[in-house]
Amino acid sequence: MTNRLVVCGTDTEVGKTVASALLVQGLGAHYWKPVQCGLEDGEGDRDRVQRWLDLPAERIIPESYRLAAPVSPHWASALESGDPEQPGPPLDPERLQLPPHEGPLVVETAGGLLVPLRLDLLQIEQIQRWQLPVLLVARSGLGTLNHTLLSLEALRQRQIPVVGVLLNGPAHPNNLITLEQLGGVPMLGCLSPLEAINPKSLREQWQELELSHKLQA
């Protein structure tokens, strides 16, 4: 079974963190978000995953960067100084190397594939360095065809393997079928909106989507 992978989205706010929590629980994996932006309310994605799953601390790998501003990482790192005249230093790629963990691992990216981590390093280039397959999370509704197919094309051009695409949101009558025909990668189904995010609701979704079987395949 694919048990070490990168979760990336076709856009911001597409449900990467919920999908990551689903995978962390289903795979018994550790969770790592290398770069967290948007900590103005004090809670980051690793805090949410830990809270939703009631994970022990040892299953959460600390971020390499926790940045306050809810913007792209390259800009968030510059804003850390608090002085527009003297921006903070860019992210150091050495700090983005995979942690020394050999077991199941879910890596959640910050934003989409072409988000700049720094002006000379796109996120997709960092994914190439990790040499892990990608699970792409996409919206289920209107607009997802363009975003998803463009993302898959970018991954294909860089020869990055794709575990599959997981749609997130209310089921759409045609998008999943169209992406099956045009995407050239496995479609893992559609993650339904959850009234509550907890181990029980995520376990039910894992079983309903038959992800153990699909990731094994």
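A residue is called buried when its relative accessible area is under 20%, exposed when it is over 50%, and partly exposed in between (1.4 Å probe, protein chains only). By that criterion Gln123 is buried, with a relative accessible area of 4%. The model is predicted, so local features need pLDDT of at least 70 and side-chain atom pairs count only at pLDDT 80 or more, while totals for chains, interfaces and linings use all residues. Residues are numbered from 1 along each chain as its sequence is written, and side-chain values use heavy atoms, with hydrogens and water left out.

Gln123 belongs to helix α4, residues 123-130 (helices are DSSP runs of H or I with at least four residues, numbered from the N terminus). Leaving aside residues up to four places away in sequence, Gln123 touches Thr109, Ala110, Gly111, Gly112, Leu113, Val115 and Leu117, where contact means heavy atoms within 4.5 Å. The side chain of Gln123 also reaches the backbone oxygen of Ala110, at 2.7 Å.

Turning to the cysteines, a search of the whole structure finds zero disulfides, a disulfide being a pair of cysteine sulfur atoms within 2.5 Å. Cys8 is in no disulfide, and the nearest cysteine sulfur, that of Cys37, is 13 Å away. Cys8 counts as buried because its relative accessibility is 0%. Cys190 is buried too, at 17% relative accessibility; its sulfur lies 18 Å from the closest cysteine sulfur, in Cys8, which is too far for a bond.

Finally, Arg95 lies over the face of Tyr65, at 3.9 Å from the ring centre; the criterion is that NZ of Lys or CZ of Arg is within 6 Å of the ring centre and within 35 degrees of the ring normal.

Key. Helices (H or I, at least four residues) and strands (E, at least two) are DSSP runs, numbered from the N terminus. A polar contact is a pair of N or O atoms within 3.5 Å; within protein, one must be able to donate a hydrogen and the other to accept it, and residues adjacent in sequence count only if both atoms are side-chain atoms.
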